[in-house]
Amino acid sequence: MEGCALCPRRCGARRDLGERGCCGADAAVRVARAAPHFWEEPCLSGDKGAGAVFFAGCSLGCVFCQNAAIRAPSAGRPVSVEELAALFGELEAQGVHTLDLVTPTHYADAVAAALRLAKPGIPVVWNSGGYERSETLARLSGLVDVYLPDYKFHDPATAAMYANAPDYPEVALAAIAAMLAQVGEPVFDDDGILKRGVLVRHLVLPGHADESMKALKALRRAFGDRILVSVMSQYTPMPGMAPPLDRPVTADEYELVLDYADHLGIVNGFRQEPGAASAQFIPDFDV
Ligand code: SF4
């Protein structure tokens, strides 16, 4: 067996032999939390919540991570493929609108195997940082209904500085194109829940409003109205962040980005209220 190449880092870790990759993962799939979650976009959470499965570890590893508690290799509890499939079923039985797989990229093969064992009857959402290989996404075809990737950085220098991934903009735009080719344009059910499609999130970072505008322009130019775009203001500074990441986004910065989204004609999606920065978006994890 060759080393792991599930994500664009292609670090080659022999996870099957117990080595840990850059993402922190070894052979075991680790789940940090599985519970209804009410803070996704309304088309995913509805009034009964999204059935969120937060996986431990991350292949992107942003310095400002809002869920840093679950990046540690020891975070969460190990589960087998069968247990993961059972977990999906338990969440569906609680009446949630969607199965929300949060940061699943480094466990893509195990998640796909669990979905093949028992695909839920509710939409399956792949909620990732957008740093994905098209080869890995192809393995999810027919198993994932909704892709929910971030488009975090548009400037390679920012992506290098904050996530050690200078290829992020190019890789993420190619990944979004592959996702769109796989699931197609947005389709909603009668209750407004997204049954199929791609919803791209962009979190506005403090001091980076100009880059946010370039990011939105790139998304608009590449995908037009074929994707949904969610503009987010909830950046919450973690302890120890250096400027400008040591503060929330200002109302002026956020309004500038929203005005530009209007100018681009981006109406197909969601926008957080200004001043949404809050620890309420950070759930308690079983670490
Ligand atoms: S998923 Fe993890 S182990 Fe695999 S290539 Fe990416 S960082 Fe390395």
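**The largest cavity**

Author: The largest cavity holds about 90 Å³ of space, a volume being what probe spheres set on the grid points fill, with points joined across faces, edges and corners. A heads-up: the model is predicted, so local features need pLDDT of at least 70 and side-chain atom pairs 80 or more, while totals for chains, interfaces and linings use all residues. Numbering runs from 1 along each chain as its sequence is written, and side-chain values use heavy atoms, without hydrogens or water.

Who lines this cavity? Cys4, Ala5, Leu6, Cys7, Arg9, Arg10, Cys11, Arg15, Cys22, Cys23, Ser59 and His106 do.

Around the ligand you'll find Cys4, Leu6, Cys7, Arg10, Cys11, Arg15, Gly21, Cys22, Cys23 and His106, each with a heavy atom within 4 Å. By class, the ligand's shell has six nonpolar, two polar and two charged residues.

Some of those names turn up again in the second largest pocket, which has a volume of about 280 Å³. Of its 13 lining residues, Cys4, Leu6, Arg15, His106 and Asp109 sit closest to the centre. Seven of the lining residues are nonpolar, one is polar and five are charged.

As for the largest pocket, about 910 Å³ of space lies there. It has 46 lining residues, and those closest to its centre are Asn67, Asn127, Asp150, Arg201 and Gln234. Two or more residues each come from α1 (42-45), β2 (50-55), β5 (124-128), β8 (194-203), β9 (228-232) and β10 (269-271); helices (H or I, at least four residues) and strands (E, at least two) are DSSP runs numbered from the N terminus. The lining of the largest pocket has 19 nonpolar, 20 polar and seven charged residues.

Back to cavities: the count is four of 30 Å³ or more. The second largest cavity has about 50 Å³ of space, lined by Leu216, Leu219, Arg220, Gly224, Asp225, Ile227, Val229, Ile266 and Asn268. Helix α7 (residues 209-223) gives the largest share of that lining, three residues.

How values were computed:
Nonpolar A, V, L, I, M, F, W, Y, C, P; charged D, E, K, R; others polar. 1 Å grid on protein atoms, 1.4 Å probe; cavity = no way out; pocket = protein on both sides within 12 Å on 5 of 7 lines; lining within 4 Å.
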